[in-house]
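Hi,

Here is the structure I promised to hand over. Have a look first, and my notes follow below.

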Amino acid sequence: CPLPPRLLVGAPWDGDRQGDVYKCRVGPPNATCAKANLGSAASWLSPLSGGTMHLGMTLLDSKDGGFVACAPLWSQECGTSVFSTGICARLDGDLQPVGTIAPTAQRCSTYMDIVIVLDGSNSIYPWYEVQNFLSNILSKFFIGPGQIQVAVLQYGERAVHEWELGRYRTAQEVVEAAKNISRQEGRETRTAFAIHRA
């Protein structure tokens, strides 16, 4: 027997104006609707914190049985600038996200990877000044996915990665991690080895 007809409903004001899409059965008096929960199902669709995107304002049928849902106010953050580029999500017939279409989104010009090579040998004293300096520098970077990523390698006699690129997602997380770095110590200061390792 054929499946009952279904109706897609865009709900651009759902979830504090983030928006979503519902798939509803048509016909029975007690018909139910299933919510896609796209904000949690697809991390790449999540707007900036507190931002609105109105996902579901536009819905387009797709030839493969799925559909496209658009969010015209989706924004990307680049440093201190916010660009409302809009984004569309491709979904299959079961409301599962399979990709995005964001032709005007660009890689932020603030993007870079930074590896800090930190001397933790006995020749560095007092250590709290190193921690303060590191925290001060790191707090000025725009750290986040698609922007600046920071790693720290501390050296003395050995070279040890305190954390890898991409481990922390915000400047605040990196600053907290920097405050908790303890000095390695050691009698040797193997700077060239540490730089090569980094």
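Which residues of helix H4 (residues 171-179) are buried? They are Ala 171, Val 174, Val 175, Ala 177 and Ala 178; buried means under 20% relative accessible area, exposed over 50%, and partly exposed in between, with a 1.4 Å probe and protein chains only. Seen down the axis of H4, these buried residues fall within an arc of 160°, so they line one face of the helix. The arc is taken over the directions from the helix axis to the C-beta atoms. Part of the cover over them comes from helix H3 (127-138) and strand S12 (159-163).

Before you go further: this is a predicted model, where local features need pLDDT of at least 70, side-chain atom pairs count only at pLDDT 80 or more, and totals for chains, interfaces and linings use all residues. Residues are numbered from 1 along each chain as its sequence is written, and side-chain values use heavy atoms, with hydrogens and water left out. Helices (H or I, at least four residues) and strands (E, at least two) are DSSP runs, numbered from the N terminus.

Gln 154 belongs to strand S11 (residues 148-155) and is buried, at 1% relative accessible area. Its side chain makes a polar contact with the side chain of Glu 162 at 2.7 Å. For that term, count N or O pairs within 3.5 Å; within protein, one atom must be able to donate a hydrogen and the other to accept it, and residues adjacent in sequence count only if both atoms are side-chain atoms. Leaving out residues up to four places away in sequence, Gln 154 also touches (heavy atoms within 4.5 Å) others, including Leu 118, Trp 127 and Ile 181.

His 54 is in the loop between helix H2 (38-41) and strand S4 (58-61), and is buried as well, at 7%. The His 54 side chain reaches the backbone oxygen of Pro 12 at 2.9 Å. Beyond four places in sequence, the contacts of His 54 include Trp 13, Arg 17 and Cys 70.

Gln 76, in strand S6 (residues 75-78), is buried at 11%. Gln 76 and Gly 146 are 70 residues apart in sequence, with their C-alpha atoms 9.6 Å apart in space.

Cheers
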